[in-house]
Each structure stands twice: as C-alpha cells, then as structure tokens.
Amino acid sequence: MPLDRIEIPESALRPKPDFPTLPDKSVVEEVRDWVKSGNPTYTWRGHTHTKPGEGAEVQYVADFQLPKGQEAPCPCCTPVTAKFNTGLIAWFPETHLVRLMGQHCFRRINPEGHQAAYKDLQDRIRREGSIRYLIGNLWKAKEASSALERAKPIARHLDDLQDILGPKLKRTLQIDLWRYMRDGALMVVSGGTDGKQFYTRYSTVTGTQLLDPARTSMAQKVETAQRLLENLDLPDDIEKADDDDRDRVARRFNRAMRVAGNAIAEINECRQFVTPLNVATIRQWGSRLDAPLQVYMRREGLVLHIGQTEDEPRSINLDGCLDLPTPRLPEIVIE
Ligand SMILES: [Zn+2]
C-alpha cells in the first residue's frame, strides 16, 4: 500500500541547536501538549527533521503518544511518510538538537547508543517515580504509626477473643462456633431422606474470620508494620539521595503500608463478629430447633453472655476499645 507523501516544511529541516543541556520536564510537557492537540511532530518549534549522523550520541528525554490513529514521520528512517504513534523525545548532546522520533528507530543507526539511552530513560522514569512517591507519601509515616499504635489494643483484644470464642468455648461449653459458621452462613436443616440431612441458609453472619483457628495474630501484624515504619532510615534529601538508599526506603515504606493496611482491614472484619446485631442474629438462629448448633448469645454493653441455652450463660468481658472506631491509615497517593 503506497503511503501518502508528507510535505515537510523547510523550517522543520533547519537544525535548531537550542538544547545545550538535557531538556527538562517543561519541554516534555510542551511536546506532549503539542501532539495531543493534533499538531504534527515536525512543526514543533524544537524539532529538527534531519537524520542523525552515524554513531551519534543520544539520550532519550521521555516518550510521548500521538492521538489514537495518528502517525508521524520519523526523521531517522521515514522522513516523508507516517510511521509511529508512540515516539521518543531524543536529545543529541553533541549537536544540541532534539528530534521527535520513532521508539526503536535509532537502534539501526547506533545500536549500543540506543540500548544505553533506553536503559537510562527507564532508570530515570523509575527514579522520578520513586522520588515522587516518597516526597508525596513518606511524611505520612508518623501518622500511620500513631494510627497503628491506637489500633494495637483492638488487635490484641480480638486476638484474645479468637481463643476465648474458639478453643476455650469448645472445651468448656462444647460450643464449636467456627465449625458451624466458618463460611459466614448460618444454616438450618430443611429436611432429610434416607438418614441424610439437607440444609438451607437461614442468615449470614459477618466477621467469622475472628474465629478462624488458622488466623495469625493481628497484633503481630500491627507491630510488624510499626517496626518497618520506625526503621525507615529516611535520607535527608530524597532527591539527592543515592538511588539504592532511596529504593530501599521506598520498598520498606511500601511494605509497611501494605502490612498495616491488611491488619486494619482484618481488624475491621473481625470486630464485626461481636457487634450487637451480629450477636442477635446468632442468638435467633441458635435458638431454633432446626439449627445444627444450640447456642445462646447476647451482648449487653461490654459483656457478652454465651451458653447453650439462656439459663446460666457464661459472661465474657469485652474491652472498651471495641466501642472506638478503627483508626484510619493515611491515604497513600501514587501518581
Ligand atoms: Zn525512525
């Protein structure tokens, strides 16, 4: 298929050695805005539409994308026919020129140079991302740490309740809550044939994760996150810091916030189990003749009464921290 020949204006071919140093962010934004508005690459004021010399040194400043379906001619290989949609802003340090060109085009002219420049660009993108991430979020570490400190007693208490409402209750009162509600459904017997019973769902119950015997300590997760946040070894100047140091801090902070986020989510989930409403649902279900487990549960303020029947239930004291809202973590923003 013959491609239309593009009429390149004389002004595009004239060398414009306007860039003695690596073009900065403002140039990148200018180019991106220019092409986004539908302007051809070869009419941008800084572009030189000539083929770079063999073995020319190059650095890639950033990539840019033309609007969908549009293609631009490449000064390296297809100067008068449309070729690329995603391009690179390439800077030539020896000649101070900038060319808007295809992504992989320069490879043929200077393979090693292309390789090195491409890697350099990736490194730069990563480095800038990491700097933005840390500057935008690292200051929230203190706030996160104090939220975790406030969440710790709730986590500890819920960890205790896992044991109290799990193994202890089973041992002392033969009530095995986990067995009958592990998937969050309260079932009742709806009938049976040949000695086989069929169950239907009576209601749902939330926060049964609290009882899960395989659940690991939430207090420990909170403490792990706190420890990670305490030992960040924050560089004095994030931008000037060594890449490895900065990456290490970013990874550690990221991990801390992930662990913290999971712990807070788990606390929120587990505490649902002992809300008055949830307890009432279990009581209604546990009093039915067709329920597979006979259980009585009532919450009165911070006391949870529990037994097989209403007569002489055991009392479990709930900690006042359960009435406090779960502390919230600061929001992490990733641009
Ligand atoms: Zn090209």
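Mentor: In this predicted model, the axes of helix 5 and helix 8 come within 10 Å and cross at roughly 35°. The crossing of these two helices is left-handed. On the side of helix 5, the contact is made by Ala141, Ala144, Leu148, Ala151, Ile154, Ala155 and Leu158. Helix 8 meets them with Phe253, Met257, Ala260, Ala263, Ile264, Ile267, Cys270 and Arg271. Sorted by class, these residues comprise 14 nonpolar, no polar and one charged.

Helix 7 packs against helix 5 as well. Helix 5 covers residues 141–173, and its axis lies 8 Å from that of helix 7, at an angle of about 160°. Helix 5 is therefore roughly antiparallel to helix 7, since an angle over 145 degrees is counted in that way. Here too the crossing is left-handed. Helix 5 contributes Ala141, Ala144, Ser145, Leu148, Ala151, Lys152, Ala155, Arg156, Leu158 and Asp159 to this contact. From helix 7 come Met218, Ala219, Val222, Ala225, Gln226, Leu229 and Glu230. The contact of helix 5 with helix 7 has 11 nonpolar, two polar and four charged residues.

The remaining pairing to describe is that of helix 7 with helix 8. Helix 7 spans residues 218–230 and helix 8 spans residues 243–271; their axes come within 8 Å and cross at roughly 155°. These two helices are therefore roughly antiparallel to each other, and their crossing is left-handed. In helix 7, the residues involved are Met218, Lys221, Val222, Thr224, Ala225, Leu228 and Leu229. They meet Arg252, Arg255, Ala256, Val259, Ala260, Asn262, Ala263, Glu266 and Ile267 of helix 8. By class, this contact has 10 nonpolar, two polar and four charged residues.

The wider setting may now be considered. The protein chain is divided into domain 1, residues 10–109, and domain 2, residues 140–323. The centres of the two domains, taken over C-alpha atoms, are separated by 57 Å. A pair of residues gives a further distance: Ala62 and Ala219 are 157 residues apart in sequence and 45 Å apart in space, C-alpha to C-alpha. Ala62 is found in strand 1, residues 59–65. Leaving aside its neighbours within four places in sequence, Ala62 is in contact with Val28 and Ile89. Because 19 C-beta neighbours lie inside 10 Å, Ala62 counts as partly exposed.

His96, in the loop between strand 4 (86–92) and strand 5 (97–102), has a positive phi of about 65° although it is not a glycine. His96 counts as partly exposed because it has 15 C-beta neighbours inside 10 Å. Glu312, in the loop between strand 9 (303–307) and strand 10 (314–317), has a phi near 45°, again a positive value in a residue other than glycine. With 9 C-beta neighbours inside 10 Å, Glu312 counts as exposed.

Note on methods
Residues numbered from 1 in each chain as written. Predicted model: local features only at pLDDT ≥ 70, side-chain atom pairs only at ≥ 80, totals over all residues. Axes fitted to C-alpha atoms, helices over the stretch in contact; angles between N-to-C directions. Helix = DSSP H or I, 4+ residues; strand = E, 2+ residues; numbered from the N terminus. Parallel < 35°, antiparallel > 145°, perpendicular 65-115°, else oblique. Left-handed = near helix turned anticlockwise from the far one by under 90°. Contact = placed C-beta atoms within 7 Å. Nonpolar A, V, L, I, M, F, W, Y, C, P; charged D, E, K, R; others polar. Domains from an automatic or database assignment. Buried ≥ 20, exposed ≤ 12 C-beta atoms within 10 Å, placed from the backbone.
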